[in-house]
Amino acid sequence: MRTSPFDNFTETTSLQLLNVDLLSSEHDNNNIIINSTSFMQCSQCILDVNDDPKITFDEKGICNYCKSFDDQKTRYIKEGVEGEMLLDEKINEIKKAGDGKKYDCLIGLSGGVDSSYLAYVAKQKGLRPLCIHFDNSWNSELAVRNIHNIVHKLGFDLSTYVIDWEEFKDLQLAYLKASVIDIEVITDHAITAAIYQIALKHNLKYILDGQNVVTEAVLPTHWGWMIKDYINIKSIHKNFGQRKLKSYPFFSGKLRRAAHNAAIEVVCFLNWIPYTKKEAKKTLQEELDWVDYGGKHHENTWTRFFQVYILPKKFGVDKRKAHLSNLICSGQMTRDEALSEIATPPYDKALLEQDKKFVIKKLGLSEQEFDKIMSEPVRSHKDFDTEGSLFHYYPILKPLRPLWNFLKSIMHSNKVLLIALLNMTLLMGLSTEVFVIEFN
Ligand SMILES: [Zn+2]
């Protein structure tokens with residue numbers, strides 16, 4: 001799993017924000033579009049041109065991701081009295097809505113730092129959440145132990161949503177074979193759908209979410225895909241899956257409408273309190289017998305292997321660079337500390353070999369089959385149907401997709417052609433919104 005998936009209906013996701021910022025930065029005279037052949041690294045964080053060839057830098061050498069962080073900080077983080085007032089107001093609202101009910105809200109509990117600390121704060125504030133744990137069959141024993149310690153110590157009820165492993169395995173294999181980068185999106189999408197289903201079932205209006213700006217706002221644009229895009233999941237599975245997805249929870253239009261009609265609200269109150277990773281871990285260890293996993297999202301064996309093996313080896317991505325850059329931006333780490341941490345191996349070699357054997361066996365692959373998948377060329381999520389894309393709304397245009405992708409690659413380095421095509425799109429009467437999403 002990656003960042004917390006419960007984005008608000010009315011708010012833009014971090015990923016979408018980054019997309020928008022990246023697009024706008026290309027038209028900003030203060031930014032320089034760098035040549036991808038020359039190495040440049042941000043002077044503030046540790047992201048560089050290898051992490052995103054379209055990264056831009058201002059005259060001080062600060063990248064667009066650092067700027068995006070500042071924008072998100074201004075928009076979402078509320079400090080001091082303002083944060084306390086917002087939090088108290090929301091807590092009272094949640095308690096009032098929960099009057100006469102067994103629970104007043106839901107918390108998705110992965111056992112990681114953010115969600116565990118969120119549960120801790122909820123207890124301090126006197127909330128009565130139902131904790132939901134999503135079991136995609138890859139949880140480490142330590143994660144299970146941590147979760148049980150947390151709910152036991154806090155006196156909360158726990159409900160575990162267990163996904164059909166054969167279906168989920170088929171979907172994971174489909175994503176591996178499709179060679180798209182964001183295999184984790186199928187877990188995050190299912191968690192989102194499952195938690196909304198449970199909120200509707202229990203008639204609960206509030207979902208507490210550990211998503212926060214200080215640790216989760218920096219992510220190079222092409223490292224992830226939109227969590228809610230069920231069209232992309234269906235399309236990739238249709239191309240590479242073997243069996244029907246009968247019980248996989250899709251965050252479909254029907255579920256979204258039901259959640260919208262029930263006015264379900266996602267509350268991210270870690271943005272309203274002083275929140276630092278180090279202090280949160282210390283509290284969890286001292287108060288809830290929580291044990292550190294040694295890496296972000298390493299509570300899940302698949303995620304651990306995905307981040308330390310598949311992402312670097314196949315996609316050239318070291319996810320730690322985004323996590324560490326985020327901590328630099330939020331003042332929780334110095335750039336020098338991040339640089340020395342990134343210079344260390346991401347994981348113990350012997351444990352990595354053990355994980356590799358375990359993952360390959362659990363997915364029902366031979367080592368040769370897995371190595372072949374790893375050697376296949378990387379593809380974009382946009383090679384498949386996506387929600388909001390031109391080809392989704394106008395399937396008749398699908399044969400033109402390779403040409404469209406080719407034009408887009410040119411457009412990134414040719415603003416004149418971009419403007420001409422924008423004009424053409426407008427003349428064709430297509431929505432500019434559709435165009436921007438697809439172009440993105
Ligand atoms: Zn930066």
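Where in the chain does Ser179 lie? Ser179 sits in the loop between α6 (165-178) and α7. The model behind this report is predicted.

## Overall build

The chain holds 20 helices and seven strands. Of its 440 residues, 41% count as buried.

## The nonpolar core

The largest nonpolar core has 97 residues. Seven of them touch the most other members: Cys45, Cys105, Leu106, Ile107, Tyr175, Ile207 and Leu208. Helix α7 (residues 185-201) gives this core its largest share, eight residues.

Ile107 shows how such a residue is surrounded. Neighbours within four places in sequence are set aside here. Ile107 then contacts Ser115, Leu118, Ala119, Ala122, Pro129, Cys131, Ile132 and Leu208. Among these partners, Leu208 is itself one of the core residues that touch the most other members.

## Two residues with positive phi

Most residues other than glycine have a negative phi. Ser179 is not a glycine, yet its phi is positive, about 60°. Its loop leads from α6 to α7. Ser179 has 19 other C-beta atoms within 10 Å.

Asp289 is found in the loop between α11 (277-288) and α12 (301-315). Is Asp289 buried or partly exposed? Asp289 is partly exposed, because it has 14 C-beta neighbours inside 10 Å, and a residue counts as exposed at 12 or fewer and as buried at 20 or more.

Terms used:
Residues are numbered from 1 along each chain as its sequence is written. This is a predicted model: local features need pLDDT of at least 70, side-chain atom pairs count only at pLDDT 80 or more; totals for chains, interfaces and linings use all residues. A nonpolar core is a set of buried Ala, Val, Leu, Ile, Met, Phe, Trp, Tyr and Cys residues joined through C-beta atoms within 7 Å. Helices (H or I, at least four residues) and strands (E, at least two) are DSSP runs, numbered from the N terminus. Two residues are in contact if their C-beta atoms, placed from the backbone, lie within 7 Å.
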